Amino acid sequence: MNFLEKLLALDRRIIFLFIAIAVALPLFFTVKLHIEVTPVVRNLHNALEALPPGSKVLVSLDYDPGSMPELQPMAESFFRYCFMRDLKIIIIGLWPNGPIQANSALEIILNEPDIKKKNPKYGIDYVNLGYTAGNEVVIERMGSDIPVTFPKDYSGNKTEDLLLMKGVKNFNNIDFVYNLSAGYPGTVEWVLFGVDPYKIKLGAGNTAVQAPQIYPYLNSGQLVGLLGGMKGGAEFEIATGKPAKAVKFMFSQSVSHALICFFILIGNFAYFATRKKKGA
Amino acid sequence: MRRQLPILIVFVSGVFMVIQYFIPHESFEFIYEYAMDWIIIIGIFAMLLGLWSLTRASVSKVQAKAPGWGFSVMTLVGLATMLFLGFYKGNKSIAEGTFFMDLFWYIYTPIQATMFSLLAFYIASAAYRSFRVRTVLATILLVTALIIMLRLIPLGPISGVNQWLASWILTVPNMAAKRAIWIGVGLGATATALKIIFGIERAYMGKD
Amino acid sequence: MERIGIWIAALLTLGIFSFLYKDNPFYKFCESLFVGISAGYWFVTTFWQVFMPKLADNLVAGRFYYMIGAIFGVLMLLRLFPKIGWLSRWSLALVVGTTAGLYFTRYLVSNGMIQVQNTIIPLYVKGNLSQTIGNLVIVIGTFSGLIYFFFSKEHKGTFGGLAKLGIWFLMLSFGASFGYTVMSRMSLLIGRMDYLLGTWLGLIR
Amino acid sequence: MKKTKAVLFSILIILFFFNLSFPQENLSPPPPTEVRASDTQNDNGHSITITWKLSGDDGAGKKNVVAYEILRSELPTGEFVVRGMVPAGNNTYQDRGAKEKEDKNYFPPHKDFYYKVRAKTLNSYSESEVAGPAQAYGEWFHLGKLPVFVGTLAFTIMVLAFISLARKGKEFYVRPLAGIDAVDDAIGRATEMGRPILYILGLGSAADIATIASFTILNRIAKKTAEHKTKIIVPCNDPIVMSVAQETVKAGYLDAGRPDMYKEENIFYLTSMQFAYVAAVNGIMLREQTATNFYLGKFYAESLILAETGSVAGSIQISGTDEIAQIPFFVAATDFTLIGEELYAASAYLGREPLLLGALKAQDLAKAIVMISLASGAVAASFHLDFFLRLFTVQM
């Protein structure tokens with residue numbers, strides 16, 4: 001067997017090894033890749049920039065550990081942005097794991113030096129109201145009464161006693177809703193049961209697999225902006241001027257994508273070369 | 001009784017569900033909601049069948065000392081541990097912070113995430129193996145996949161054109177093909193549903 | 001506890017990855033443990049989160065129509081007794097009949113009518129060349145794709161030509177989906193690598 | 001424009017409280033007129049729809065109306081309570097409630113209600129005249145779903161007509177399908193090699209249409225394996241699916257006249273959790289060295305893990321699913337793929353039963369109708385005629 005034939009019947013374990021290296025190695029470096037901010041992400045950022053400091057932002061985390069690699073960096077960058085801009089954060093989850101994901105993102109963000117300087121306080125600058133069962137019905141109930149839908153926060157305090165929640169009755173008192181979604185219930189439900197009846201302003205981050213289904217709502221204006229997959233997350237970090245995890249991970253993405261393309265090309269090269277030989 | 005009654009149940013419940021779609025009145029809505037709950041409840045009872053099958057298969061492997069029977073012991077241990085931890089403190093057994101949830105977070109979740117991540121390797125090896133310029137069809141597959149993948153790689157001036165092309169492919173011809181598949185699946189599934197309701201397709205019922 | 005947990009999680013992660021090299025006892029261990037734990041987890045959570053609220057609570061509240069579901073559920077279990085096992089077919093019939101009726105309209109509407117509705121678009125948009133081309137491609141693609149799925153006629157002549165165009169469209173779509181999905185699959189691996197190198201070993205920040 | 005509206009709207013909420021203490025009657029806008037309340041159409045009977053003509057200061061005049069409040073009472077002179085609010089520019093509101101009597105928000109049907117609409121500016125409001133009485137009641141047919149009803153009837157008639165033609169002995173032609181022709185070879189190969197066949201029904205429940213289509217195929221394949229005396233392994237991920245698969249395979253062995261060879265322990269349940277199931281199936285493929293793998297039914301992300309592991313084991317693989325997102329991976333990694341509708345057609349192909357073939361013909365006829373509507377609809381739409389579009393438009 002000559003080299004080309006070996007290449008043609010390449011042991012897939014060699015490909016596996018290269019993929020592992022292509023993903024792991026870039027994690028050790030911080031490279032400033034040129035990432036262009038697409039209009040859908042730019043629109044979301046602009047809408048957030050238009051909010052005056054002190055605006056109340058509802059964040060619904062609707063995913064579980066399975067989608068962490070894509071959505072967790074989005075949660076972190078969004079919290080960071082809100083704290084920097086003095087936007088008040090109200091966290092909920094339509095998925096049982098959502099509020100837990102929020103806490104682990106907050107733990108990281110609250111320990112960043114820039115944020116530490118601001119010293120955000122629980123109950124005044126951010127609250128975590130936890131999870132309530134009921135999927136889209138939860139959104140409907142929030143439209144009439146948020147404290148009734150979420151009577152207690154994640155740690156068991158009465159919602160009414162939280163300073164931030166004073167005067168928050170329903171969606172009329174919420175200035176922006178941001179939803180991170182990995183499926184059902186998620187962005188689709190927020191559009192159908194939140195935007196349509198209550199005219200809330202909604203921005204969303206979705207897994208890459210989920211994003212194409214959400215695009216129609218962008219075109220119709222029901223959704224302000226969308227972060228699609230890790231790339232969307234990276235674009236948002238660039239737009240806010242704080243490149244973080246998603247940007248860093250995008251380097252791994254680029255290298256591994258390039259590697260797969262390279263493998264496809266050499267596979268075809270070997271295929272042609274051996275075929276020519278056989279022909280001759 | 002053994003053959004006819006099930007066929008009748010299928011017919012009646014199937015026709016009811018089709019009819020209720022067109023009737024907004026609450027009386028039908030109530031029956032619909034009950035029926036959906038019954039289906040869920042039947043599913044819960046059936047779980048016992050599953051546990052029985054899994055346990056029986058593992059136990060008989062252990063008894064017969066079949067090759068790899070030690071691993072069947074592991075399965076049984078895992079199963080028994082979760083069942084015990086999940087019930088011994090009543091409905092508080094699965095609250096956050098219990099040992100049950102620790103096992104979920106430190107054993108179940110990482111294995112699941114890792115199994116899922118194997119796809120990163122397999123998507124690469126599948127691409128290498130099957131994306132060859134062998135036939136026209138394989139070539140189309142390869143070229144479009146390359147165009148879409150290249151959108152994540154900085155290519156200087158070509159990037160702009162490629163971005164545009166990638167999003168055009170995703171929103172136009174990709175959409176057209178998906179619609180054709182959707183419509184086909186729609187017709188195939190509705191026809192199959194009809195065959196089930198009318199008792200023409202009944203292989204799933206088995207035979208005596 | 002957390003440190004031990006992370007070590008266990010990391011070792012299990014490596015155990016699953018070892019399958020990429022070849023099947024081995026380490027993987028078999030993770031696999032069999034995973035099967036047992038997941039079956040138990042699924043049973044326990046379904047019991048507390050579905051069985052209790054859906055059946056037990058409703059029966060306690062005196063809503064006895066839920067008994068009908070329970071009776072059919074018990075019939076399902078009779079499979080375990082060969083002599084009266086045939087009774088389980090009644091439950092099966094209820095499940096299959098109900099969902100067949102449900103799916104009938106669901107598929108007809110969302111896969112049939114709505115897709116057709118979305119594809120009835122003007123072939124000529126005045127003063128907008130790119131949309132005209134886009135619409136034309138969508139209609140032709142959907143049409144020829146459907147021809148490919150035609151079973152009654154052999155793919156020959158003009159008909160065969162259109163069917164071939166249809167399968168080209170399908171392949172283009174498959175290639176696009178394949179390429180598009182690579183990013184989310186890589187994200188998963190990045191997540192695991194971040195866990196191993198960051199959370200476990202602390203090599204990256 | 002939208003932005004200013006939202007800002008005004010939030011200021012309104014803050015000023016609302018001031019407003020209560022400083023009523024400024026002389027500034028109140030012209031009230032909404034022509035208020036009508038009537039039962040909401042096509043609903044379950046727990047909602048009333050209110051419509052009105054916009055206040056003179058909404059979008060015109062002083063342009064200072066920011067919202068409308070909708071109030072309800074059981075008596076024309078009784079106490080009116082606020083039921084909801086819509087931003088300015090809207091002229092309808094659906095007053096909806098729950099259908100369960102014990103619900104706090106229960107909306108009683110067949111009961112008189114009176115409504116009025118209040119136009120609000122930042123610091124004043126004015127009320128319309130009282131409208132009503134109106135009653136909520138449920139309809140017995142959803143008019144918006146008429147196109148679906150016609151479609152249902154037409155398709156049912158087509159299927160039944162072709163099936164009765166088949167019963168009368170009419171023979172139907174169907175074109176060859178590559179994936180189907182491969183099935184026999186694949187079973188033959190397993191027999192020659194003396195290795196088992198693996199059949200995966202996917203992650204669907206026993207009620208998923210794709211799973212049911214797969215049961216029929218499993219039945220045919222089980223019959224063939226019984227004839228060839230080849231072992232078939234069916235690991236399941238749903239207990240009901242397992243039960244049905246056992247019945248189906250048993251029936252296949254009966255059809256082949258070899259009920260004695262049927263072994264129930266080869267059709268077993270593993271776990272219902274997606275990736276644990278996949279981990280176990282991966283192991284089975286490599287340890288049992290299956291010669292042929294079938295993946296037919298509902299598949300999700302696991303499709304590629306299964307197909308690539310099978311390819312490592314050197315198995316011949318035949319796949320089919322109606323889950324569009326997974327078809328590309330099956331196409332790339334398995335030897336033959338039944339794409340979407342082909343999966344449903346496969347049961348008819350394998351059995352060659354006239355009744356099932358009849359239904360396939362009805363599908364083709366429906367497809368032809370769809371294609372003609374598509375083409376003529378698009379041509380008509382180019383001339384701004386929306387007749388065809390309306391034929392397919394469903395209002396939920």
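Predicted model: local features only at pLDDT ≥ 70, side-chain atom pairs only at ≥ 80, totals over all residues.
**Entry 1: chains B and C.** I looked up the contact between these chains and found 101 residues from chain B and 97 residues from chain C. On the side of chain B that touches chain C, the elements giving two or more residues are helices H1 (4–22), H2 (26–63), H3 (69–87), H4, H5 (136–150), H6 (157–171) and H7 (173–197) of chain B. I recorded H7(B) as the source of the largest share of that side, with 21 residues. I then sorted the residues of this side of chain B by type: 80 are nonpolar, 16 polar and five charged.

**Entry 2: nonpolar cores.** The largest nonpolar core has 318 residues. I listed those with the most contacts inside this core: A:Ile91, B:Leu119, C:Val96, D:Tyr199 and D:Ala245. Helix H4 (residues 99–130) of chain B provides the largest share of this core, 20 residues. Another core, of 22 residues, lies apart from it and includes D:Leu71, D:Phe80, D:Tyr125 and D:Ala131.

**Entry 3: A:Ile91.** Leaving aside neighbours within four places in sequence, I found A:Ile91 in contact with A:Val59, A:Leu61, A:Pro99, A:Ala102, A:Tyr126, A:Val127, A:Asn128 and A:Leu129.

**Entry 4: chain D.** I counted 11 helices and 14 strands in chain D. The radius of gyration of chain D is 32 Å, well over the 21 Å that the globule rule gives for 396 residues, so chain D is more spread out than a compact globule. Its C-alpha trace spans about 95 × 50 × 45 Å along the principal axes. Of the 396 residues in chain D, 50% are buried.

Key. Residues numbered from 1 in each chain as written. Chains lettered and ligands numbered in written order. Core = buried A, V, L, I, M, F, W, Y, C linked by C-beta atoms within 7 Å. Buried ≥ 20, exposed ≤ 12 C-beta atoms within 10 Å, placed from the backbone. Helix = DSSP H or I, 4+ residues; strand = E, 2+ residues; numbered from the N terminus. Contact = placed C-beta atoms within 7 Å. Nonpolar A, V, L, I, M, F, W, Y, C, P; charged D, E, K, R; others polar. Rg over C-alpha atoms; globule rule 2.2 N^0.38 Å.
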